[in-house]
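Thank you all for making the time this morning. I would like to walk through one structure with you, slowly, and start with a single side chain before widening the view.

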Amino acid sequence: MLLRFRAMALPFQTLVIGAAFFLIYYLYTYFGHGLGAIESAIEALIASLIFMAAYYFTSVALRSKSTERRGKGLRKKR
């Protein structure tokens, strides 16, 4: 399952992670904090959007750094 997730495009990964985060956080706020359905949904939506943005920009930054390092390997002196 993890290999399949890593093979997905980054925007789709972000949506999948955001949906999972939304569901978990919604259930947590609804049952754990005793909020109503609408309040829990709004709070979970805002939290998942923040989480998705952080995940996306962190992934873009890490991917750009990893591609820069690949091209700059050590070279042998002749």
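Does Phe51 count as buried, partly exposed or exposed? At 32% relative accessibility, Phe51 counts as partly exposed, where buried means under 20% relative accessible area, exposed means over 50%, and partly exposed is what lies in between, with a 1.4 Å probe and protein chains only.

Before I go on, a word on what we are looking at. This is a predicted model, in which local features need pLDDT of at least 70 and side-chain atom pairs count only at pLDDT 80 or more, while totals for chains, interfaces and linings use all residues. Residues are numbered from 1 along each chain as its sequence is written, and side-chain values use heavy atoms, with hydrogens and water left out.

Now the overall picture. The protein has 3 helices and 0 strands, so that its elements, read from the N terminus, run α-α-α; helices here are DSSP runs of H or I with at least four residues, strands are runs of E with at least two, and both are numbered from the N terminus. Of the 78 residues, 15% count as buried. The accessible surface comes to about 6,700 Å², and 68% of that belongs to carbon and sulfur atoms, with areas taken from the Shrake-Rupley method using a 1.4 Å probe and, for residues, only the protein chains shown counting as cover. If we take contacts between residues at least 6 apart in sequence, 48% of them join residues at least 24 apart, a contact being heavy atoms within 4.5 Å.

Let me turn to helix α2, which covers residues 10–32. The helix α2 has 23 residues and reaches 32 Å from its first C-alpha to its last, close to the 33 Å expected at 1.5 Å a residue, where the expected span is 1.5 Å times one less than the number of residues. After α2 comes Gly34, whose phi is positive, near 75 degrees.

Which residues of α2 are buried? They are Leu10, Gln13, Thr14, Gly18 and Thr29. Leaving aside residues up to four places away in sequence, Gln13 touches Phe5, Arg6, Met8, Tyr55 and Arg63. Gln13 and Tyr56, which are 43 residues apart in sequence, are 8.6 Å apart in space, C-alpha to C-alpha.

Being 4 residues apart in helix α2, Phe21 and Tyr25 are separated by about one helical turn. Phe21 is partly exposed, with a relative accessible area of 25%, and Tyr25 is also partly exposed, at 23%. The rings of Phe21 and Phe51 have their centres 4.5 Å apart and their planes at 5 degrees, so this pair is stacked as well. That pair links distant parts of the chain, with Phe21 in helix α2 and Phe51 in helix α3, 30 residues apart. Phe21, Tyr25, Tyr28 and Phe51 form one aromatic cluster.

Staying with α3, which covers residues 37–71, we find Ala54 there, partly exposed at 42% relative accessibility. The C-alpha atoms of Ala54 and Thr14 are separated by 9.6 Å, although the two are 40 residues apart along the chain. Leu49 also lies in helix α3 and is partly exposed, with a relative accessible area of 48%.

Note on methods
Phe/Tyr/Trp six-rings, centres within 6.5 Å; stacked < 30°, edge-to-face > 60°.
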